[in-house]
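This report describes nonpolar cores, a helix crossing and a strand pairing, in that order. Please keep the sequence and the model in view while reading.

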Amino acid sequence: MGVAGPFPSSAGRPHGPVMDRDEVDRALARLGAEHEAVETSLLALQDHAGRRLLEGAELTGVTKDRWATAEQQIALLWSYFDAYTAALTDIRQLRARRRWSSREDLVELTERLRGRSVTVASPAALPAPQITGPAKLAEEFTLEELVARMNELYASSLDTVVTADAVWSALPARIDLLSAELRRTRSLAHSVGVRPGEHPAGDELESITHELSTLRAQVVSDPLAFWRPGPGSSAPGGGRPDTDRYDRAARALEDVRREIEAVLQVRQDSEERLMRLRDLLSRADRTLAEARAARGEVLAKIAASEVPAVSGPPTALQERLATAAEYRRHARWHRLSPLLDSLEREAEDELQRARESLTAVTAPLAVRAELRGRLDAYKAKIARHGMAEDPLLIERYDAARRMLWSAPCDLRVAEQAVLRYQHAAAEALVPRAAAPEPGPTDRGGYS
C-alpha cells in the first residue's frame, strides 16, 4: 500500500548539512530501534483480547462507530508501517553498498533520513479528515513524521480497544453475579408469598430483573457507552467504567433482600408474636373489666364526683388478630408482616389506655384512702401526746370519720372535716411545741 523512495523534487538538495558516515549509522540504529518498538506494539495490538472481542461482537451505538474508525486506523497503521519498513530497508541497502560512502551517497542518505522521502498512497476507504487530513492521492512524510503519525493512530485505536476491554472485563461479570443474587432472592421471595402484582417487593424484583437484562445486553453491544474518561487524562484507557446503573440496581436489590428477610423473620417468630399479642389484648380486656367494676363501686361509694366512662373490650383488635392468625395458617407472610407490626403498636396503646382508664376511674377511691390515712395519722399523734380524750378533738374526729366511712361519701365535705380536725389538733399541740416529735405537723396540708 505504501512505497518508499526519495521525493523527486528534492533530490540533490539535502535538508540541512550533509550527514557523515557516523551520523548516518547512528540515525539508522535509532530508526531500527523505533521500527522494532512500533512492530512490537502493532503485534501486541493485533493480539489484544479486546480487539478480538470487538471484531467478533455485534456492536451498536458509540462502540460501533468508534470501532469502525479504529479498524480504519489499524489498517492505515499497517500501511504506514509497511512504508516505514520499506524506506528503512532501502536506506540500509544504500548504506551497505560501500563501506566508505561517497559524498553522493551521503547526500542521498541525508535526504532519505531527513527529507520527505516516504510517499504513502491514501486509500479512498479512509476518508476521515481527523486522521488522514483532506482526501488526496498520496501523503509524503519524513521518517520522523511517519513515526509520529503512527504513534497518534496507535494511541487512538489502542484507546478504543483498551476501553472496550476494560468495560467488558468489569461490568458483565458483576452483572452476572448480581443476577445470580437476584435469582436467589426471587426464589426466597416466592417461598414467602412475595410475588409480582401482590406485593411491592415482588414488583421491584421484576423491575430489577428487566433492568439487569437490558443493562447486560447494552454493555455487551455498546461497551464504550459505559466509559467515564478520567479528568485531564490523555493516556489510552484513562478513566473507569460507568457503574451508576449497576450500582442503583444493586442498592435496590439489597433493599428488597432486607424486606424479604424481614418477612422470613416473621415466618420464624410469628407464633410467638401472636401469643404475645393475645396476652396483651387479654390484659387490656381484664384491665378494662376491672375499670368498669371500679366505676360501679365509685358511683356507689363516692358522691358529687365525676367518674369517666370506660370503653368496651378491644373487639376490633381481636378481629384483626384473628385475621393475622388466618394469614399465618395460609402462609401469607407478606401480608402478616405489616399486620403484626401495626397490631403490636396498637395493642400496647390499648393496654396503656386501659391502665389510664382504671387510674382515672379509681382516683376518687384513692383520694378517700388518702384522707382516711391522714385522719388516722393525726389521731395517733394526738394519742402519743396524751390528748386522746380531748372532747373537741373527739367530736371533730368522729365527724370526719363518719363522712369518710359512710356511703356515698362526699369527698369535698369529708376533706373539709379532716382539715378541721387537723387544725384543732395543731392548736392543741402548740403548747407542746418545745418538744417536737416526728410525725405529721402540717396545719393545713398532707403529712
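Leaving aside neighbours within four places in sequence, which residues is Val219 in contact with?

## Basis of the model

The model is predicted, so that local features need pLDDT of at least 70 and side-chain atom pairs count only at pLDDT 80 or more, whereas totals for chains, interfaces and linings use all residues. Residues are numbered from 1 along each chain as its sequence is written, and side-chain values use heavy atoms, with hydrogens and water left out.

## Nonpolar cores

With those neighbours set aside, Val219 is in contact (heavy atoms within 4.5 Å) with Val167, Trp168, Leu171, Pro172, Ile175 and Phe226.

Val219 and Leu393 have the most contacts inside the largest nonpolar core, which has 82 residues; such a core is a set of buried (under 20% relative accessible area, 1.4 Å probe, protein chains only) Ala, Val, Leu, Ile, Met, Phe, Trp, Tyr and Cys residues joined through side-chain atoms within 4.5 Å. Among the elements that give two or more residues to this core are α3, α6 (143–191) and α7 (200–221), while its largest share, 18 residues, comes from α8. Helices here are DSSP runs of H or I with at least four residues, and strands are runs of E with at least two, numbered from the N terminus.

## Helix crossing

The axes of α2 (residues 49–56) and α3 (residues 61–96), lines fitted to C-alpha atoms over the stretch in contact, with angles running from 0 to 180 degrees between N-to-C directions, come within 11 Å and cross at roughly 115°. Arg51, Leu54 and Glu55 of α2 make this contact with Thr63, Trp67, Glu71 and Ile74 of α3.

## Strand pairing

Strands β2 (residues 118–121) and β3 pair (at least two DSSP bridges) in the antiparallel sense over four bridges, and Ala138 in β3 is the bridge partner of Ala121.

Notes. Buried means under 20% relative accessible area, exposed over 50%, partly exposed in between (1.4 Å probe, protein chains only).
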